[in-house]
Amino acid sequence: MTDHSNQPPYRADHVGSLLRSERIKEARTQYDKEEITAKQLRDVENEEIIRIVEKQKEAGLQAVTDGEFRRGWWHFDFLENLDGVEGYNADSGIQFKNTQTKSRAIKVTGKLGFSNHPMVDDFTFLKKAAGDHTAKMTIPSPSMLHFRSDIDTNVYDSDEAFFQDLAFTYKQAIQAFYEAGCRYLQLDDTSWAYFCSDEQLEKIKERGRNPEELKSWYKKTINEAIADRPADMKITMHICRGNFRSTWISSGGYEPVADILFDGLNIDGFFLEYDSDRAGGFEPLRFVKRKDLQIVLGLITSKSGELESAEEVKRRIEEASKYVALDQLNLSPQCGFASTEEGNLLTEEEQWTKLRHVTDIASDVWK
């Protein structure tokens, strides 16, 4: 068996976001009340990020993140800081199963671009804290800017013009992170899971969009954005069905998008949510044709603290290996632990136990 353990994605990996510590939450509240300065908030974030990086190392992970500790959202914080994009407080939040996020939305009000983005400095800090471990950066996929924003038609009067600028903006972003030392970048994308949901497809159509046309634009834009990435930079994609306070948005297996994802996107690996029957079976993995494409099976849930049976997880990995060689498979939680700062419904200690569970199982499977 070829050893891929020294390059990302790793046999035992994780999606990225971690439960915000009480200290972070308190500092954010103080900052919002103007009781502390931006520098004081950042000092607290720095100390807490150094702490959780060490905790990730202790859990046996080779790739470490900053837990998205400087963000409120997994996507809006990054997107709002692109040139031409503005965030605002909307009338309502994003609807999940039986709950809703706080109100926040974004709009495109000018020409897109990537300059002076604060998350480049955030990554530089993480890389230093990571030391001899791999510093992993997570950002929303380009698809998410289109999927989640209102676009001023006076700025972009055609899909072609918009997606062309979007691809170039992400090309600039990828280069900027690379120059800051990033060799492992993850694009988080919920749109592909929405294309697998009948309910979400209807909502897309209600907005006057053709789902097949959108899939085509998203594929083209992502491939164009990553086309010039340096050879020593790995780019993966995480696909999920929504994650907020341990709830979800969409259901449906990967079959409707398997061909375009596994045989159409030129990325190095996929993090796939597989912790519940809402994700369907492993059959769509038959579309994985490339021998260099890594599949990270999200068989461990981040939505609760209950530990999965290690034997059952191993059995499911074996089942997936009927469609994709074991050498191309890896293990992780199905999503981050805190896609938004509110976090999922488990304790921080349960979170670290989950991550140790991932590394323990992976070391048994890939000896």
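Student: Is alanine 180 buried or exposed?
Tutor: Alanine 180 counts as buried because its relative accessibility is 19%. Buried means under 20% relative accessible area, exposed over 50%, and partly exposed in between, with a 1.4 Å probe and protein chains only. Before we go on, this is a predicted model, where local features need pLDDT of at least 70 and side-chain atom pairs count only at pLDDT 80 or more, while totals for chains, interfaces and linings use all residues. Residues are numbered from 1 along each chain as its sequence is written, and side-chain values use heavy atoms, with hydrogens and water left out.

Student: Thanks! Where is alanine 180 placed, and what does it touch?
Tutor: Alanine 180 is in the loop between α6 and β9 (184-189). Helices (H or I, at least four residues) and strands (E, at least two) are DSSP runs, numbered from the N terminus. Leaving out residues up to four places away in sequence, alanine 180 touches Val120, Phe123, Thr124 and Lys127, where contact means heavy atoms within 4.5 Å.

Student: Let's look at α4 (118-130) then. Which of its residues are buried?
Tutor: In α4 the buried ones are Met119, Val120, Asp122, Phe123, Leu126, Ala129 and Ala130. They pack against α2, β1 (63-64), α3, β6 (134-135), β7 (137-140) and α6 (159-179).

Student: What span does α4 reach, and what follows it?
Tutor: The 13 residues of α4 reach 19 Å from first C-alpha to last, close to the 18 Å expected at 1.5 Å a residue. The expected span is 1.5 Å times one less than the number of residues. After α4 comes glycine 131, with a positive phi near 60 degrees.

Student: What lines the second largest cavity?
Tutor: Its lining is Asp66, Arg70, Arg71, Met119, Asp122 and Met137, and the volume of the second largest cavity is about 30 Å³.

Student: And which residues lie nearest the centre of the second largest pocket?
Tutor: Arg28, Arg70, Arg71, Gly72 and Asp77 do, out of 22 lining residues. The second largest pocket holds about 580 Å³ of space, and α2 gives the most to its lining, with 4 residues.

Student: Now strands. Why is β11 (residues 269-273) largely enclosed?
Tutor: Strand β11 is largely enclosed by the rest of the structure because 5 of its 5 residues are buried. Gly269, Phe271 and Glu273 point one way and Phe270 and Leu272 the other.

Student: Which strands pair with β11?
Tutor: Strand β10 (residues 234-239) pairs with β11 in the parallel sense over 4 bridges, and β11 pairs with β12 in the parallel sense over 5 bridges. Two strands pair if DSSP finds at least two bridges between them. Leucine 272 has isoleucine 239 as a bridge partner, and in β12 its partner is leucine 297. Leucine 297 in turn stands opposite leucine 331 in β13.

Note on methods: 1 Å grid on protein atoms, 1.4 Å probe; cavity = no way out; pocket = protein on both sides within 12 Å on 5 of 7 lines; lining within 4 Å. Points joined across faces, edges and corners; volume = space filled by probe spheres on them.
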